[in-house]
Amino acid sequence: MSELINAREERGADISRGGPYYGELIEQVRGLMDRARLVSPTDELALDAIGILKQLNDKLDAAVVNEWSTPTWTRFDLPARGNITLPPFMIDHADSSGVDARLTFRNYHLGGNNAAHGGQVAVGFDDLLGMAAAMHAGSITRTASLTVDYRSVTPLNTELKVRAWAERQEGRKVFVRATLHDGDRLCAEAHGLFIVLKPGQA
Ligand SMILES: CCCCCCCCCCCC(=O)SCCNC(=O)CCNC(=O)[C@H](O)C(C)(C)COP(=O)(O)OP(=O)(O)OC[C@H]1O[C@@H](n2cnc3c(N)ncnc32)[C@H](O)[C@@H]1OP(=O)(O)O
């Protein structure tokens, strides 16, 4: 992980962006989403929570920046770079040979029967495959195709292992694969095609 942070810092990534409390702020929002996923409030509690959240959203509005200035591009020290839309993961190893990560699906990723929603599994794969493709190509890539095979149930609130790697590259096309394990058990695997963006490509 430190290699990745160093590499990103060398390219101008600023892991102080968002300040020292940004990680805890995002963790509290994840905790809020966990509760929102399962709460069945009384009218009184719902109205109370709505008031508090409206006030909080108004406060946060004052600090909203454009997407390129958000900490989530640079905070490689935080779970999932502090990106609230991703299942939180920590990178153990990342280089051109692949990415190893520990990832945990939370209550707010619930599909049913205490298992992760399949779409959330795909979100995790997309980001980590994108990282593997970028590390392999040495350049930012974009998902062209992503296929997920769900092999067994993916549990919530359990640290899972993800391995993502590039199999080969043909020009701008980076062919990638990934696995998701709970211990020795394969939960899901993915393969995809990521395309290296041309200079200035939107
Ligand atoms: C350290 C960093 C951490 C940072 C880590 C951050 C990781 C973030 C990862 C998240 C990534 C995303 O979710 S990205 C968001 C989701 N994806 C998208 O929105 C992509 C939408 N689509 C597009 O923008 C475009 O279609 C592109 C860029 C994918 C390709 O367009 P293009 O650049 O014009 O290239 P194009 O000529 O069409 O295609 C190039 C070659 O790929 C082939 N090709 C293109 N699409 C496909 C396809 N679906 N299936 C098969 N083959 C395909 C073409 O046939 C061609 O082959 P040949 O003729 O050359 O043989």
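Student: Leaving aside neighbours within four places in sequence, which residues is Asn107 in contact with in this predicted model?
Tutor: The model is predicted, and in it Asn107 lies in the loop between β2 and β3 (110-112). Once the neighbours within four places in sequence are set aside, the contacts of Asn107 are Asp34, Arg37, Leu38 and Leu156.

Student: Is Asn107 buried, exposed or partly exposed?
Tutor: A residue counts as buried with 20 or more other C-beta atoms within 10 Å of its own, and as exposed with 12 or fewer. Asn107 has 16 such atoms within 10 Å, and therefore the class it falls into is partly exposed.

Student: How far apart in space are Asn107 and Thr147?
Tutor: In sequence, Asn107 and Thr147 are separated by 40 residues. Taken from C-alpha to C-alpha, their separation in space is 24 Å.

Student: Which strands are the edge strands of the open sheet of six strands?
Tutor: The pairing in this sheet is antiparallel, and the strand order is β1-β2-β6-β7-β8-β5. From one strand to the next the twist averages 20°. An edge strand here pairs on one side only, which holds for β1 (89-95) and β5 (141-150).

Student: What angle does the direction of helix α4 make with that of β5?
Tutor: Helix α4 (residues 118-137) packs on the sheet, where it touches β1, β2 (98-103), β5, β6, β7 and β8 (185-196). Between the direction of α4 and that of β5, the angle is about 135°.

Notes. Residues are numbered from 1 along each chain as its sequence is written. This is a predicted model: local features need pLDDT of at least 70, side-chain atom pairs count only at pLDDT 80 or more; totals for chains, interfaces and linings use all residues. Two strands pair if DSSP finds at least two bridges between them. Helices (H or I, at least four residues) and strands (E, at least two) are DSSP runs, numbered from the N terminus. Axes are lines fitted to C-alpha atoms, for helices over the stretch in contact, and angles run from 0 to 180 degrees between N-to-C directions. Two residues are in contact if their C-beta atoms, placed from the backbone, lie within 7 Å.
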